[in-house]
Amino acid sequence: MKHTKPVFYFLFVALIFSCSSLGFQSDELVIDDEEFGIEGGRATDPVHAIPTSTPASRRRVDLDSSSDSKSVQFTLEHAFGDSTYSPAGTFTARLKTWSHGGKTLTKLRFSRNGLTDAEKDAFKRLLEEDNFYTIRVPSNVLNPPGKGYILSSVPARCIPRESLDEHFVIHTDGVDILALNYGSAGSCQYPRPLKFPKKWSFNSYTVMKNSEQARRTPTFTEELLAAETGEEEALKAPERSFWSKYWMYLIPLGLIVMNAITQAMNLPEEQQPAGQSASQAPQPIAQRATNSAARRR
Amino acid sequence: MAARFFLGFLILLLHSIISCGVYEDQVGLADWHQRYIGKTKHAVFHSHKTGRKRVVVSTEENVIASLDLRTGDIFWRHVLGENDPVNQVDISLGKYVITLSSEGSVLRAWNLPDGQLIWESVLQFSAPSRSLLHVPTKFGLERESVVFVFGGGWLHAISSIDGEKIWKKELYTEGLDIQQVFQQDDSDSLYAVGFLDSLQFVAYHISVKNGEVLEESKKSFASGFYGSMLLVSRDILVALDASRSSIVSIKFSRGSVSFHQTYISDIVPEVAGIVEIVPSKLSGLFTLKTDASLVLFRFNSIGELVVENTFSHPTILSDSISITEGHQVFAVMQHAETKVHIAVRFVNDLTSEALKETIELHPQRGNVQKVFINNYVKTDRSYGFRALLVMEDHSLLLVQQGKIVWSREDGLASVVDSTTSELPVEKDGVSVAKVEHSLFEWLKGHLLKLKETLMLATPDDIAAIQEMRLKSSEKTKMTRDHNGFRKLIIVLTKAGKVFALHTGDGRVVWSLLLRSLRISEGCECPSVLKLSQWQVPHHRAMVESPSVLVLAKCGPDFLQSGVFSIIDSYTGKLRSSQKLPHSLLQVIPLPFTDSTEQRLHLVIDSNFEAHLYPRTPDSIDIFLREISNIYWYAVDYIEGIMKGYSFNGKCKADMEDQYCFNSKELWSIIFPAHSEKLAIIATRKMNEVVHTQAKVIADQDVMYKYISKSLIFVATISPKAAGEIGSVTPEEAWLIAYLIDAVTGRILHRVIHQGAQGPVNAVVSENWVVYHYFNLRAHRYEMSVIEIYDQSRADNKDVLKLVLGKHNLTSPISLYSRPEVVVKSQSYFFTHSVKVMTVTTTAKGITSKQLLIGTIADQVLALDKRYLDPRRTASPTQSEKEEGIIPLTDTLPIIPQSYVTHSLQVEGIRGIVTIPAKLESTTLVFAYGVDLFFTRIAPSRTYDSLTEDFNYALLLITIVALVAAILVTWVLSEKKELRDRWK
């Protein structure tokens, strides 16, 4: 037992190291969750695509059991409209075996086979008919085709730009492929115009997507009390200014005040004429008096 | 003075508009609630004692209920839930209702008068078996307080006083099927008889005292048995042999078993085809069901089998009941067109009839399926009989003295699908008298309301006001209203009956039992029932009536051909019905209508070929024009595969049929079987209206919602976590949520919730999805929201560009473009578990949304979508607050006032349907389960109309008073001026 402890510690440290190195390794994969492999039209040697770099081997030295990686290949097949499937390219990925037994695919590379003349004609026909170009991959990488093939289709007219631009998103779960999202690299117009590419070669972008963890539900244990009391406030509408709260009272009030002011303004004016009339009053009376006097006369 | 009036009026107006929740006196104004029980399986009468006469029933909806024999009202009712089906029901000690449920593993006693649970006993269970309940009927003896239960391979004796287990005995061996548990002449012993591997007859003779097996007798029968046996008399059982060609009578007495085989063709030569023993208790008689008739047999005095009578179909026999010592009777129901002849006959002497009656039945009820009889003593001391009839449409009738005393539409407890229909447009030409009358009523009502407002009303007045509100003739009219509150809800039940319910008061306007789905017409179990709007006339709404389409098939088999029926929505008349020449897998209503406004439907058959309906040249023109843009998908829940299809030319099988199209597989998604199991798929409602794609957020920025009709939400859970909550550790459980575009098969978003377990409920609307699941780590239910925004339009923010038209907002979008979406999500704890979930829909989609949640307590809770906003933060900024963002909390609040069902329960809630009214603010809500509930809600309050309670009289009086005041002050001022002049 006493011997095992240092060994265990060592393993632990090694594990941490390996984890960090793994973290570093998978930085570009796990955090970005995707990797672009831009390949030309010609098939490249798949061996070149697998980086047999030293860190990997060193890691294997560090701990044999916790992680292991080997390369796997699976083929992409395509069909033109209703035609049968034929191989179109090869995906190469690194299979990583984790200490807990899980396996994941990383470092996806893709090499497209060039289009043969027959395929080119078939593709042209598809473009003219505005029909679907369909591709498929096996649903399990290790023992293809697994539960069946994963299909994906796109109207052929979406693909041609300068060359044939295609974009793959492969959703994986361990060594299983869930779905293959295939389409043009950019947007696809509708209605789709007939357009032939200048270069009859594929320009492929591949992205591999792994699972994304959901955020944990926020828990405020210490704020619970505050939240409970604050809930009432939360239910209410957000706080409003004095004006927005009481405008319906303020406007009539303003009207009344204005009314009162105008009245008050009018009052002195009216009083002035009234005063004038008061001062002038004797005159008409006098006039009247004179009139009456005149009438009496 | 005028200003003060105005102010007062303004304040009054404000107060009348703001109203939240439902006040006590508003209950029943816009809502109605109907209670049902479902199709009756067993019925036990309790009418001997004085007091209220009642019948206790158990139903296929797992309800036990006590019904008033006089009115059919429910005294009490218990819904045992989906996983607790009632197997047997009986009355013990004259005061307890004993129910055996969950395949014989739970025994309960309920108090007969009020339905209180007296005791509950959970019984030992080792293997699924028949569940049998034997309640000794002899009165006044001690042993009467014991009930015997067989279930799960165990025989139990249980005290009916407190549910205590007196003894138990395991009677389980591999292949043993115990079929009857009975006592012979109330002796101290009990018999349990059954078949072993359908080859051997086994009888256990068991002591009642301690469960000891006194004797075990076995005897093999070379040709084997078919189905189940029936106890005919105290020591004779009958069964069919394996070839169903002969009747085997099994005579057993202490220790000895003897078989006697009689060929059916020997005694009834005309019988041909498949025969079956009808499981009934006729004490000495038994019946055999053949293709053509029902044959009644009896063992004569020397033990030979003789035919007593032959009844032609459809005939139903009841179990026998004893009226006096030694006199047993049973009922025979025979159909003749729409009439039913009821005859009650003596078991001993079939020729004499104790009762003979004929009743007229509504043709839409179908045939009688079950009958239970009960006797009573008439005023002249002779015996009278009442019969409880269970009809083909699952309704329940009580017949007494040749009349239907009451009827219950219990088919409405099993609604499978629903749709709505507008009512007819109101025709002109209303008589003047009517107008005057209603005007008078109107004024009277408003005067009363005015009195109430001014607090002058007496309690009588208040009662009158309440009555007037509830019985407003306005809401039950059979015509369309301005606000779109009055509609017909058309529901389809499991029995294949279509009902039209009025939204005003929930009454059945018409009902139609589809002939092609009736059991008597050879449709054993109607399934995949789908109700859809077929024709909604707009141009000719005055002359044409709308119609609905019912699609169904008989039997669960995929290869069964479907039935296609069109029903007039106003009258309930069957317009046309046809049997489809192909099978029925999926129905897709298309968003197109032909020139007669019939909706185009695609029916997908089991070969994935699509058939277009209606079969008119017009519809095919429309369809072919759009065929390149029509996609559909299919889901295989068992295999975990989703596949997308488009159409590709004519059918291969039938090139002649121009309405048949071949499908081409476009995409597939395969969920790995070891890590994911499909749990739920949710889609947007096809008729949902989105007001605007743009969402202006706090900092005056614009976000564009990703709005696509083809957006589907899929949730998968780990296969290990498919069981009950708590059956796995959090490490083994996860839930994966997907947002998938159904046209291209693209996964737009995929996210894993570790430690989450089903059951999953989800609702999709506009650009968001809300789903509910259990969080094993936090030991709580949780709700998550995902909102998805379109980034490809995000740069359309320049006002100048928008003004000059330099934007891509009007260009068509193709789903084949590479999606540029951003996703925002958040999770919140939620206290309740959820049965169903839906979202409110309004006419224009302007009103804010509420989630309607069917809770475990069978209530409907309205939860504002604002609480499920992923952009909630702990401390929102001032501008965010202005936008209406609520500060982040970890739990969603449950506000008691926001229960839509207020104090009511929609027992066994299975679905909530929301229907937009014409008024933008209002949504009609229809919830169904065993009960039905309807109400209307306004998620943002009724901002676009005055409430019904608005006091027009007060307004009128105010105006009159104002005018009067103006006149008076004018006259006064005139006078004053004159006076001033005279000074």
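## Charged pairs in chain B

B:Lys218 has a relative accessibility of 45%, so this lysine counts as partly exposed. Keep in mind as you look at it that the model is predicted. The partner of B:Lys218 is B:Glu216: the two form a salt bridge in which the closest N and O atoms are 3.6 Å apart. B:Glu216 is partly exposed as well, with a relative accessible area of 45%.

Side chains of opposite charge can pair when their charged atoms come close. How many salt bridges does a search of the whole structure find over all chains? The search returns 39. Here are some of them, including the pair just described.

| Salt bridge | N to O distance |
|---|---|
| B:Lys218 and B:Glu216 | 3.6 Å |
| B:Glu353 and B:Arg345 | 3.4 Å |
| B:Lys720 and B:Glu732 | 3.5 Å |
| A:Asp173 and B:Arg750 | 3.7 Å |

Is B:Arg345 buried or exposed? With a relative accessibility of 13%, B:Arg345 counts as buried, because the cut-off for that class is under 20%.

Next comes the salt bridge of B:Lys720 with B:Glu732, whose closest N and O atoms lie 3.5 Å apart. Both residues sit in the loop between strand E52 (711–717) and strand E53 (734–741) of chain B, so the pair ties together parts that are 12 residues apart in sequence. B:Lys720 is exposed, with a relative accessible area of 57%, while B:Glu732 is partly exposed at 30%. Elsewhere, B:Arg365, B:Asp393, B:Glu409 and B:Lys497 are joined into one network by salt bridges that share partners.

## Backbone points to check

Most residues other than glycine have a negative phi, and most peptide bonds are trans.

Which residues does the cis peptide bond with omega of about -5 degrees join? They are A:Tyr190 and A:Pro191. A:Pro191 belongs to the loop between strand E7 (176–184) and strand E8 (202–209) of chain A. In chain B, the peptide bond from B:Gly758 to B:Pro759 is cis too, and its omega is near 5 degrees. B:Pro759 is part of strand E55 (residues 756–765) of chain B.

Positive phi values turn up in chain B. B:Arg244, which is not a glycine, has a phi near 60 degrees. This arginine is found in the loop between strand E19 (236–241) and strand E20 (246–253) of chain B, and its relative accessibility of 24% makes it partly exposed. B:Asp858 also has a positive phi, of about 60 degrees, without being a glycine. Its loop runs between strand E60 (850–855) and strand E61 (860–864) of chain B, and B:Asp858 is buried, with 7% relative accessible area.

## Chain A in outline

Chain A holds 8 helices and 8 strands. It has 297 residues, and 38% of them count as buried. Among the contacts in chain A with a separation of 6 or more, 66% link residues 24 or more positions apart. The accessible surface of this chain is about 17900 Å², with 58% belonging to carbon and sulfur atoms.

## Where the chains meet

Now bring the two chains together. In the interface, 58 residues of chain B contact 56 residues of chain A. The size of an interface is often given as the accessible area lost when the parts come together. Here chain B and chain A bury about 4600 Å² between them, and 54% of that is on carbon and sulfur atoms. On the chain B side, B:Ile670, B:Arg750 and B:Tyr816 lose the most area to chain A, together 15% of what that side buries.

What about charges across this boundary? The rule finds 1 salt bridge between chain B and chain A. A:Asp173 and B:Arg750 meet in a salt bridge with an N to O distance of 3.7 Å. There are also 15 residue pairs in polar contact between the chains. Elements that give two or more residues to the chain B side include helix H1 (2–17), strand E48 (660–670), strand E54 (747–754) and helix H7 (878–883). The residues of that side divide into 26 nonpolar, 20 polar and 12 charged.

Note on methods
Residues numbered from 1 in each chain as written. Chains lettered and ligands numbered in written order. Predicted model: local features only at pLDDT ≥ 70, side-chain atom pairs only at ≥ 80, totals over all residues. Heavy atoms only, no water. Helix = DSSP H or I, 4+ residues; strand = E, 2+ residues; numbered from the N terminus. Buried < 20%, exposed > 50% of the residue type's maximum accessible area, 1.4 Å probe, protein only. Contact = heavy atoms within 4.5 Å. Buried area = accessible area lost by both parts, 1.4 Å probe. Salt bridge = Lys/Arg side-chain N within 4 Å of Asp/Glu carboxyl O. Polar contact = N/O pair within 3.5 Å; in protein donor to acceptor, adjacent residues only side chain to side chain. Nonpolar A, V, L, I, M, F, W, Y, C, P; charged D, E, K, R; others polar. Areas by Shrake-Rupley, 256 points an atom, 1.4 Å probe, with all protein chains shown as cover.
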